[in-house]
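Let's take a walk through this structure, stopping at a few spots worth a look. Have the sequence and the 3D view ready.

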Amino acid sequence: MTLKPILIHPDPRLKKACDPVSTFDKELAALTDDMLETMYDAPGIGLAAPQIGVMNRLIVMDCVKEEGGTPEPMALVNPKVVWESEEQNVYEEGCLSIPGQYGEVERPKMVRVTWQDVTGAEKEQEFDALWATCVQHEIDHLDGKLFIDYLKPMRRQMITRKMQKYKRELARE
Ligand SMILES: [Zn+2]
């Protein structure tokens with residue numbers, strides 16, 4: 001398994017819609033393992049393929065945050081929200097591509113999602129609370145959408161300027 005560098009906003013690859021996955025081979029399974037390892041190492045609870053520059057509809061997540069909790073790694077290929085609850089939930093979201101920045105985002109509290117696993121088998125499940133927020137945040141990445149796109153323009157611009165400065169500093173190191 002290999003840790004992959006995570007793209008930092010602003011990056012054109014984080015603003016693009018991704019292509020569906022059509023080949024379910026060993027490479028896809030290996031990519032999924034790399035993404036999970038990269039996510040756990042960061043550490044984060046979700047990672048979408050475009051965040052490592054792979055423009056395909058693939059996300060990984062594990063929202064078990066309790067110390068000593070049993071990990072529940074999930075890999076969702078071609079995920080799609082097919083139902084969302086009217087009830088909304090507000091979470092303070094962050095993103096591995098926007099390190100150190102957080103903002104409150106309102107999303108449906110529950111969603112039903114269909115996807116394929118790494119072998120191509122069809123799956124369907126309901127997600128609630130943090131899992132629901134996470135899966136929606138990650139699917140947004142596949143459509144080139146970031147959590148800061150839900151914030152007020154002023155706040156979004158401020159975060160983007162901070163990230164531009166952060167990337168200049170990284171480049172100098
Ligand atoms: Zn993110």
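Proline 10 sits in the segment before α1 (26–41); helices here (H or I, at least four residues) and strands (E, at least two) are DSSP runs, numbered from the N terminus. The peptide bond leading from histidine 9 into proline 10 is cis, with omega near -5 degrees. This is a predicted model, where local features need pLDDT of at least 70, side-chain atom pairs count only at pLDDT 80 or more, and totals for chains, interfaces and linings use all residues. Residues are numbered from 1 along each chain as its sequence is written, and side-chain values use heavy atoms, leaving out hydrogens and water.

Now hop over to threonine 160, in helix α3 (residues 153–172). Leaving aside neighbours within four places in sequence, threonine 160 is in contact (heavy atoms within 4.5 Å) with His9, Pro10 and Ile148. Threonine 160 has a relative accessible area of 18%, so it counts as buried (under 20%, with exposed over 50% and partly exposed in between; 1.4 Å probe, protein chains only).

There's another cis peptide bond to find: one joins alanine 42 and proline 43, with omega about -10 degrees. Proline 43 is in the loop between α1 and β1 (46–48).

Most residues other than glycine have a negative phi, and most peptide bonds are trans. Asparagine 78, in strand β3 (residues 74–84), has a positive phi near 50 degrees. Alanine 129 also has a positive phi, near 55 degrees, and lies in helix α2 (residues 129–142). Asparagine 78 is buried at 19%, while alanine 129 is partly exposed at 26%.
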